[in-house]
Amino acid sequence: MINNNALAFMALCNEYCQALENARETDREDFVNSMLRLLPRIYISATDVNADSSVIEESYIAGSLDEDYYDAIRRSVENLLGPDDTYLEVFEEDMKYSDTPIAASISEGLADIFQVLYNFLDSVKDVPEELMLLGLAAVKDDFGAYWSRILCNVLRALNHVRYNSTAD
């Protein structure tokens, strides 16, 4: 059964996707503040989603976001953030073996999360509840395995942009 936590999560996913789709029409400060409000709520909400672990192997989210749209989202955020888009990633697995810092991109991280959430929302719209539950199980599994780390890293970088921005 779809509960309130699942509905709240889907609403936050929708709000996040809309914020990224409208990034080029917003100003930098509003966008950064919006992401700093949304990302922690998405993290908590995704953590609170109760997905049936017995259906995870059956669950799958088809990729519906095309590469051009992904890149348009990424570029609009990159243009908005300018030089503050790049940050040093310290939690990268390869960092253990590297003598040089590894650069990451806020825009790419946000676009990666956008891709997961966009595909999730696309897969659960207009489907019966049992398929919606499979979609929730898949996105919850992906959260733990993949995009929770991206969300935390981007949140840290956005916090730095908000309080230590190079652009004024």
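## A helix with charged neighbours

R74 is buried, with a relative accessible area of 17%; here buried means under 20% relative accessible area, exposed means over 50%, and partly exposed is anything in between, with a 1.4 Å probe and protein chains only. The structure is a predicted model, in which local features need pLDDT of at least 70 and side-chain atom pairs count only at pLDDT 80 or more, while totals for chains, interfaces and linings use all residues. Residues are numbered from 1 along each chain as its sequence is written, and side-chain values use heavy atoms, leaving out hydrogens and water.

What does the side chain of R74 meet in a salt bridge? The partner is D71, at 2.9 Å from N to O. A salt bridge is a side-chain nitrogen of Lys or Arg within 4 Å of a carboxyl oxygen of Asp or Glu. D71 and R74 both sit in helix α3, three residues apart, which is about one turn of the helix. D71 is partly exposed, at a relative accessible area of 25%.

## The overall layout

Let's step back to the whole chain. The protein chain has five helices and two strands, and from the N terminus on the order is α-α-α-β-β-α-α. Helices (H or I, at least four residues) and strands (E, at least two) are DSSP runs, numbered from the N terminus.

Of the 168 residues in the protein chain, 43% are buried. Among the contacts in the protein chain with a separation of 6 or more, 81% are between residues 24 or more positions apart. Contact means heavy atoms within 4.5 Å.

## Salt bridges across the chain

In total, the structure holds seven salt bridges. One of them joins the side chains of E15 and R41, at 3.9 Å from N to O. E15 belongs to helix α1 (residues 4–21) and R41 to helix α2 (residues 28–48), so this pair ties together parts that are 26 residues apart in sequence. Each end is partly exposed: E15 has a relative accessible area of 38%, and R41 has one of 40%.

Another salt bridge is formed by R28 and D84, whose closest N and O atoms are 2.3 Å apart. This pair links distant parts of the chain, as R28 is in helix α2 and D84 is in the loop between α3 (67–81) and β1, 56 residues apart. Are R28 and D84 buried or exposed? Both are buried.

Now for the strands. E89 is part of strand β1 and counts as buried, at 4% relative accessibility.

Leaving aside neighbours within four places in sequence, S105 is in contact with D85 and Y87. S105 and A157 are 52 residues apart in sequence, and their C-alpha atoms are 9.0 Å apart in space.

The loop between α4 and α5 holds D126, which is exposed, with a relative accessible area of 78%. Phi of D126 is near 55°, a positive value in a residue other than glycine.

## The largest pocket

Where is empty space left? Rolling a probe the size of a water molecule over the atoms shows this. The largest pocket has a volume of about 180 Å³. On a 1 Å grid over the protein atoms alone, a pocket is an open set of points where a 1.4 Å probe fits, with protein on both sides within 12 Å along at least five of seven lines, and lining residues have an atom within 4 Å of a point. Grid points are joined across faces, edges and corners, and the volume is the space filled by probe spheres set on the points.

The lining of the largest pocket has 12 residues, and Y87, A104, G109, R149 and I150 lie nearest its centre. At least two lining residues come from each of β1 (86–89), β2 (102–105), α4 (106–124) and α5 (129–164). Which element gives the largest share of the lining? That is α5, with four residues.
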